Amino acid sequence: MTIVACPAQGITTGCGTIFSFHYGARNYAKIRQAFLYVFLLCGVYIGALGITVQVLPEVFAGFFLKEINTIQLAAGSIRMYTIALLGIAVQYALVDGLTAMGKVKYALPLSLFRKIVYMICLCILPLFLDIRYVFYAGTMSDAVGAIFSLILFWGVIDPGIRCELGKEKKVRQKKHYPSSYSDTVSAASEEIHCQVLPELVDVPENIDAYKERLKEESLYE
């Protein structure tokens with residue numbers, strides 16, 4: 001699992017600054033796009049690795065074992081454990097992305113749920129099946145954890161982030177721009193009034209000074 005977890009966590013953790021930047025910029029569209037691209041990047045890597053493990057489990061078992069019988073037994077266990085390996089890509093993308101945005105209250109339950117399912121499966125499966133099938137606990141926790149994470153993200157987390165960023169955007173617009181057309185007209189008329197009125201008040205004095213200057217110029221001519 002280290003071959004799976006370390007590169008995948010490197011991808012999601014490395015992309016954390018992207019989530020943090022766009023969340024700080026209140027750019028909801030970019031946040032959604034970041035989730036999609038990080039999931040695709042992790043999904044391609046983990047999906048390719050999962051297919052390879054299902055096709056050639058003996059190769060991976062042979063890294064640590066020498067006896068043929070033991071390698072064959074381990075190969076079957078590896079297949080059982082990694083059927084739903086792609087679910088880890090969903091978990092890593094969502095959990096690390098939410099953590100980067102400071103949404104630990106969502107990220108922590110998603111991460112804990114998968115591990116709780118894993119522990120429950122470890123305890124229940126041996127009661128109904130042969131002990132060798134206990135490796136299906138990894139598959140069940142990956143699949144159930146990914147489904148639960150997607151449902152919670154689409155149903156609760158994503159709408160909450162969209163609503164939060166939408167409210168903040170409206171508040172910023174109200175601070176920087178007038179709220180209606182009447183406010184715009186009144187503000188413009190008030191500005192014109194403040195700029196033009198002093199000039200109108202001084203018009204008679206300006207006219208008299210202009211007449212005096214004309215008289216003086218005519219005398220010199």
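Trainee: What is the mean pLDDT of the protein chain?

Mentor: This is a predicted model, in which local features need pLDDT of at least 70, side-chain atom pairs count only at pLDDT 80 or more, and totals for chains, interfaces and linings use all residues. Residues are numbered from 1 along each chain as its sequence is written, and side-chain values use heavy atoms, with hydrogens and water left out. pLDDT is the predictor's confidence in each residue, from 0 to 100. In the protein chain 76% of residues reach 70 or more, and the mean pLDDT is 81.

Trainee: Are α1 and α3 roughly parallel or roughly antiparallel to each other?

Mentor: Axes are lines fitted to C-alpha atoms, for helices over the stretch in contact, with angles from 0 to 180 degrees between N-to-C directions. The axes of α1 (residues 2-14) and α3 (residues 28-55) come within 10 Å and cross at roughly 165°. Angles under 35 degrees count as roughly parallel, over 145 as roughly antiparallel, 65 to 115 as roughly perpendicular and the rest as oblique. The two helices are therefore roughly antiparallel.

Trainee: How do the residues of the contact of α1 with α3 divide into nonpolar, polar and charged?

Mentor: Ala, Val, Leu, Ile, Met, Phe, Trp, Tyr, Cys and Pro count as nonpolar, Asp, Glu, Lys and Arg as charged, and the others, Gly among them, as polar. From α1, Ile3, Val4, Pro7, Ala8, Ile11 and Thr12 meet Val38, Leu41, Cys42, Tyr45, Ile46 and Leu49 of α3. The division is 11 nonpolar, 1 polar and no charged.

Trainee: Does His22 count as buried or exposed?

Mentor: Buried means under 20% relative accessible area, exposed over 50%, and partly exposed in between (1.4 Å probe, protein chains only). His22 lies in α2 (residues 16-24) and touches Asn27, Lys30 and Ile31, leaving aside residues up to four places away in sequence. Because its relative accessibility is 16%, His22 counts as buried.

Trainee: Which residue has a positive phi although it is not a glycine?

Mentor: The residue sits in the loop between α2 and α3. With a phi of about 60°, the residue is Arg26.

Technical notes: Helix = DSSP H or I, 4+ residues; strand = E, 2+ residues; numbered from the N terminus. Contact = heavy atoms within 4.5 Å.
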